[in-house]
Amino acid sequence: MIDWFTNPAHWTGNDGVIVLLVQHLAYSSAALFLACLIGLPVGLYVGHTGRGVVFIAGLANALRSLPSLGLIALLVILFGPVFASDMAFIVPSLIVLVLLAVPPIMTGSYAGIAAVDPAALDAARGMGKRPLDILFDVELPCALPLIFSGLRSATLQIISTATIAAYVSLGGLGRLIIDGRAQNDYYQMAAGAVLVGILALTVDLVIGIISRLTVSPGLTRRLKRQRS
């Protein structure tokens with residue numbers, strides 16, 4: 001496998017690691033962005049108003065139980081006659097990735113808002129803040145740790161599932177595993193698995209750093225450690 005990594009031919013060209021890595025990141029970023037557009041507003045609304053808690057819990061459990069590979073294959077069959085290009089594979093894969101990423105984002109944002117200290121909310125109301133001001137000035141900043149936790153979980157879910165989406169001709173690092181299996185090239189398969197793992201760990205580390213820089217030290221133990 002080391003020889004496979006050190007071979008320059010495996011890193012360049014349309015099927016090289018660089019191109020596949022860019023494709024994997026592009027699909028994952030698009031799916032994460034769409035999932036945030038859906039999951040964040042729903043979670044914030046439910047957490048802020050207290051309405052739809054049962055609905056959000058049932059929906060999250062239902063989406064988590066979806067069979068990823070089977071659903072991708074089914075959607076490819078359904079969308080095949082609609083699109084005459086690579087969109088016949090990209091759109092179904094993005095739909096499944098979004099459906100898998102919405103639950104952790106939605107439940108994380110809801111749990112973060114619901115866990116805000118009631119005393120802080122009472123103080124905000126006493127200052128004359130309106131509901132939207134309370135949401136964005138008090139609840140959202142306090143909920144950031146759990147929101148980032150849900151975001152990290154969703155990101156890892158997307159990156160891993162985008163790998164098996166290569167089974168239906170989607171690009172990305174999953175191609176190394178699928179094509180390697182078809183060619184009985186186990187070194188390529190192992191290299192693909194290692195690259196996916198490194199990508200997932202790297203992205204998770206980046207989100208963790210962003211979370212550390214964004215979340216107020218007063219919401220974590222950092223402030224206490226700094227004082228001690």
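Ala, Val, Leu, Ile, Met, Phe, Trp, Tyr, Cys and Pro count as nonpolar, Asp, Glu, Lys and Arg as charged, and the others, Gly among them, as polar. The legends below describe a predicted model.

**Figure 1. Overall view of the predicted protein chain, which has 10 helices and zero strands.** From one end of the sequence to the other, the order of elements reads α-α-α-α-α-α-α-α-α-α. The C-alpha trace of the chain extends over about 65 × 50 × 25 Å along its principal axes.

Figure 2. The greatest contribution comes from α7, with five residues. Sorted by class, the lining of the second largest pocket holds 10 nonpolar and three polar residues, and no charged ones.

**Figure 3. Close-up of the packing between helix α7 (residues 131-164) and helix α9 (residues 186-214).** The two helices pack at an angle of about 165 degrees, and their axes lie 10 Å apart. Angles over 145 degrees count as roughly antiparallel, and α7 and α9 are therefore roughly antiparallel to each other. Their crossing is right-handed. On the α7 side, the contact is made by Leu-144, Phe-148, Leu-151, Arg-152, Thr-155, Leu-156, Ile-159 and Thr-163. On the α9 side, the residues in contact include Val-196, Leu-199, Ala-200, Val-203, Asp-204 and Ile-207. The contact of α7 with α9 consists of 11 nonpolar, five polar and two charged residues.

**Figure 4. Close-up of the crossing of helix α2 (residues 17-49) and helix α5 (residues 87-114).** The axes of α2 and α5 come within 6 Å and cross at roughly 35 degrees. The crossing of this pair is right-handed. By class, the residues of the contact of α2 with α5 are 22 nonpolar and five polar, with no charged residue.

Figure 5. Two or more lining residues come from each of α2, α5 and α8 (174-182). The lining of the largest pocket is made up of eight nonpolar, six polar and five charged residues.

**Figure 6. Close-up of the contact between helices α8 and α9.** The axes of α8 and α9 come within 8 Å and cross at roughly 165 degrees. Helices α8 and α9 are therefore roughly antiparallel to each other, and their crossing is left-handed. In α8, Arg-175, Leu-176, Ile-177, Asp-179, Gly-180 and Arg-181 meet Gln-188, Met-189, Gly-192, Ala-193 and Leu-195 of α9. The residues of this contact comprise five nonpolar, three polar and three charged.

Note on methods: Residues numbered from 1 in each chain as written. Predicted model: local features only at pLDDT ≥ 70, side-chain atom pairs only at ≥ 80, totals over all residues. Heavy atoms only, no water. Axes fitted to C-alpha atoms, helices over the stretch in contact; angles between N-to-C directions. Helix = DSSP H or I, 4+ residues; strand = E, 2+ residues; numbered from the N terminus. Parallel < 35°, antiparallel > 145°, perpendicular 65-115°, else oblique. Left-handed = near helix turned anticlockwise from the far one by under 90°. Contact = heavy atoms within 4.5 Å.
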